[in-house]
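Dear colleague,

Please find below the structure that I am handing over to you.

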Amino acid sequence: MFIELDCPASVRKQLGKLFAEALKQTVPTEPDIVPLIDACIAKDGVKHADYQCNNAMSLFAKIKGKQEEFKSPRSLGEGIMKNLPPSEMIESCSVAGPGFVNIVLSKKWIAQRLQKMLTDGIDSWAPRLPIKRVLVDFSSPNIAKEMHVGHLRSTIIGDTLSRMLEFCQPECLIRRNHIGDWGTQFGMLIQYLFETYPNPDDVNESDIGDLQAFYKASKSKFDKDDDFKLNAQQSVVKLQGGDPKYRKAWEQICNISRTEFKKVYQRLGIRLEEMPESFYNELIPPTLEKLDQLGLIEDSDGARVIFVDGVDIPLIVVKRDGGYNYFSTDLAALWYRLNIEKVDWNIYVTDFGQSQHFDMLFKAFKRAGWLPEDKNEYPICTHIGFGLVLGVDGKRLRSSCGDTIRLVDLLNEAKEQSKTALLKRVLCHLGNAKEWSKEEIEKASEAIGYGAVKYADLKNNKTTNYTFSFEQMLNDKGNTAVYLMYAHARICSIIRKSGKDIEELKKTGTMVLDHENERTLALHLLQFTEVFVEACSNLLPNVLCEYLYNLAEIFTKKFYSNCQVVGSPEETSRLLLCEATLVVMRHCFYLLGIEPVDKL
Ligand code: ARG
């Protein structure tokens, strides 16, 4: 766990308060016992209670012989149960096995909580983040080099983490795009640009639209032609020295890339605030100067380096040719974030390949005394690594000709495939082609296609490699975005068919949970808060995906197939339950950056 979130709306938290009271009463000599409350999990489809308090066993070992009235953990469990303060949230309690206190919640209370959420909005369920200013560094592609699937993963995961943290309403959340616009590749690109367009005014940015091809061509020339190579190296020096002609060429190249990146962000609904590597260029010398004064920088083979604990290789902060590198930039950037932007928590989202880079960066800062040692209450710097994206052949995902896949192509494909499936369904199965306008088809194909790509990524634990398969992610059965969207569209359709004004029902109607499956669904909805707390405090979007999938399953398989809504005597109550499901479901989609469709 990275941080502890305070969530007053969570059932666990509220039960925790009651049990803390009971524990204090039962064992006055141990006033600081933390209540251990867990939600019960069904075994073979049967659940004996909703929650369980598990303190009796370990507490008994502590007080053995000190409190005569408790002869066994079970009798201690009974004591705790008797001392529970009266509360409208609990229907009944019992002691099971060696001393578990089983808790059944009151269905009236569950219904009231849900109705309150419907009136106050889901934000009333938000936990509080104990940190004021958070920065998530994600996506961060490199100019001219292709934005590849690794950047897609960083973009998807980083966006979701930002949304999750935003829900906790920190004072400020910065979504930072640390674009790589300052590498040595620019010498080569600029040189190639000058040779292709001897007159810089002739450069039309859209002519070099395909930067990947441009990059490839210049790289091949760089590798073959020694004169070109030399000129390219001199170009870097001129660019870094601020020569206007070279700056202009650099800007032109950067703009082409930016236009490409923007297209991807727009399609995926990603907000990012760019602060490119070049921004820190002037900050590097003073940052290194400070580190030098602290005695951290050493000479090694003509380069300037820093050694950190537990790593044999040093980190190079000034190269032998006097140039700076990726590392020098990150040193300056982190210094800036901590001291100028006053960020309390810096989160970096990249693939695992960069774990060592960040480990060394944080260690260098610790050595300088700029970051406290690990034992502080909250993390200040966190690297969130993720695994590779594999193709169905089990190897790194590549296009058929072996190149890195262009994200734009990948998203086009996702949209096209989801469109084909949608058209087939609309025309063949539903026979309701008239109900769908052309725009609606386009919009829904995009929402489903992009949603499928995001969900397929997020539902895995981010540490594992995941296999990219359109066939799997666009399947309408199983744990996919398409399946979830069906569930969402179904609820929308129930509400539409009822013809009722939900806003009115919220004010006048009452939710009653007499049917077992109504209760199961309602309890799962209420448990959103504690699942969210688990997902957010561990920065694990997959926990949220699992919750959403279970919600769709419970709705479809338990509630929908057993409880008639429209036209039933319980219609009002059930419509309210449907609405509460929609609100929670949509919020999960929102947190995952997925736009659900209203009909399917
Ligand atoms: N541009 C880098 C890459 O593509 C990722 C940057 C991550 N952020 C950072 N501050 N280093 O690998």
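**The sheet and a helix pair**

In this predicted model, four strands form an open sheet with antiparallel pairing, in the order 1-2-4-3. Strand 1 (37-39) and strand 3 (90-96) are the edge strands, as each of them pairs on one side only. From one strand to the next, the twist averages 25 degrees.

At one edge of the sheet, strand 1 is joined to strand 2 (residues 51-53) by three bridges in the antiparallel sense. Alanine 39 stands opposite tyrosine 51, a residue of strand 2.

The sheet also carries a helix: helix 3 (residues 73-82) packs on it and touches strand 2, strand 3 and strand 4 (100-105). The direction of helix 3 makes about 165 degrees with that of strand 3.

I turn now to a pair of helices. Two packed helices are described by the angle between their axes and the distance between the axes. Helix 5 (residues 149-167) and helix 14 (residues 438-458) have axes that come within 10 Å and cross at roughly 80 degrees. Helix 5 is therefore roughly perpendicular to helix 14. On the side of helix 5, the contact is made by Arg153, Ile156, Ile157 and Thr160; helix 14 contributes Lys454, Asp457 and Leu458. Sorted by class, the residues in this contact of helix 5 with helix 14 are three nonpolar, one polar and three charged.

Yours sincerely

How values were computed. Residues numbered from 1 in each chain as written. Predicted model: local features only at pLDDT ≥ 70, side-chain atom pairs only at ≥ 80, totals over all residues. Axes fitted to C-alpha atoms, helices over the stretch in contact; angles between N-to-C directions. Helix = DSSP H or I, 4+ residues; strand = E, 2+ residues; numbered from the N terminus. Parallel < 35°, antiparallel > 145°, perpendicular 65-115°, else oblique. Contact = placed C-beta atoms within 7 Å. Nonpolar A, V, L, I, M, F, W, Y, C, P; charged D, E, K, R; others polar. Pairing = 2+ DSSP bridges.
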